[in-house]
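Open the model in a viewer and keep the selection tool at hand. The tour goes from stop to stop, saying what to select and what is there.

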Amino acid sequence: MKRQNWTVRTNMRRYTRLSNVFSRKLENHAAAVALDYFAHNLIKIHRTLRTSPAMAAGVADRLWDVADLAALWEE
């Protein structure tokens with residue numbers, strides 16, 4: 001849990017700001033967090049796993065791309 005918290009705080013600039021407000025709208029904040037988790041788990045190849053976490057867990061059979069996310073968004 002500590003590693004995940006550190007990863008989220010370093011990857012998302014909205015968590016490193018010194019203010020208490022992360023976004024002006026809750027919907028924008030939720031979308032940004034979802035996009036970060038999507039990229040972290042499905043797009044990024046992790047050094048220790050040498051694959052994405054979703055592929056290592058057996059959830060995904062291939063490495064996703066940003067174009068896949070755009071296609072999923074349009075559906």
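Which helix gives the largest share of the lining of the largest pocket? That helix is H1, with 7 residues of the lining.

**Before the first stop**

This is a predicted model, in which local features need pLDDT of at least 70 and side-chain atom pairs count only at pLDDT 80 or more, while totals for chains, interfaces and linings use all residues. Residues are numbered from 1 along each chain as its sequence is written, and side-chain values use heavy atoms, with hydrogens and water left out.

**The whole chain**

Show the protein as a cartoon. There are 4 helices and 0 strands, and from the N terminus on the order of elements is α-α-α-α. Helices (H or I, at least four residues) and strands (E, at least two) are DSSP runs, numbered from the N terminus. Of the 75 residues, 21% count as buried. Buried means under 20% relative accessible area, exposed over 50%, and partly exposed in between (1.4 Å probe, protein chains only). A contact means heavy atoms within 4.5 Å. Among the contacts with a separation of 6 or more, 18% are between residues 24 or more positions apart.

**The largest pocket**

Rolling a probe the size of a water molecule over the atoms shows where empty space is left.

Now select helix H1 (2–11) and helix H2 (26–43): each supplies at least two residues of the lining. By type, the lining has 5 nonpolar, 8 polar and 4 charged residues. In this count Ala, Val, Leu, Ile, Met, Phe, Trp, Tyr, Cys and Pro are nonpolar, Asp, Glu, Lys and Arg are charged, and the others, Gly among them, are polar.

**Along H2**

Keep H2 selected. This helix has 18 residues and reaches 25 Å from its first C-alpha to its last, close to the 26 Å expected at 1.5 Å a residue. The expected span is 1.5 Å times one less than the number of residues. Next pick out His 29, Ala 32, Val 33, Asp 36, Phe 38 and Leu 42, which are buried in H2. The buried residues of H2 pack against H1, H3 and helix H4 (66–74).

**The loop between H2 and H3**

Move on to Arg 50, in the loop between H2 and helix H3 (53–57). Arg 50 has a positive phi of about 60° although it is not a glycine. At 73% relative accessibility, Arg 50 is exposed.

Select Thr 51, found in that loop too. Thr 51 is buried, at 18%. Leaving aside residues up to four places away in sequence, Thr 51 touches Lys 44, Ile 45, His 46 and Ala 56.

Beyond residues up to four places away in sequence, Ser 52 touches Asn 41, Leu 42, Lys 44, Ile 45, His 46 and Leu 63.

**Trp 64**

Select Trp 64, in the loop between H3 and H4. With a relative accessible area of 22%, Trp 64 is partly exposed. Trp 64 and Ile 43 are 21 residues apart in sequence and 5.0 Å apart in space, C-alpha to C-alpha. Not counting residues up to four places away in sequence, Trp 64 touches Phe 38, Leu 42, Ile 43 and Leu 72.

**The salt bridge**

The structure holds 1 salt bridge, defined as a side-chain nitrogen of Lys or Arg within 4 Å of a carboxyl oxygen of Asp or Glu. Side chains of opposite charge can pair when their charged atoms come close. Asp 68 is partly exposed at 23%, and Arg 62 is partly exposed at 39%. From Asp 68 to Ile 43 there are 25 residues in sequence and 9.8 Å in space, C-alpha to C-alpha.
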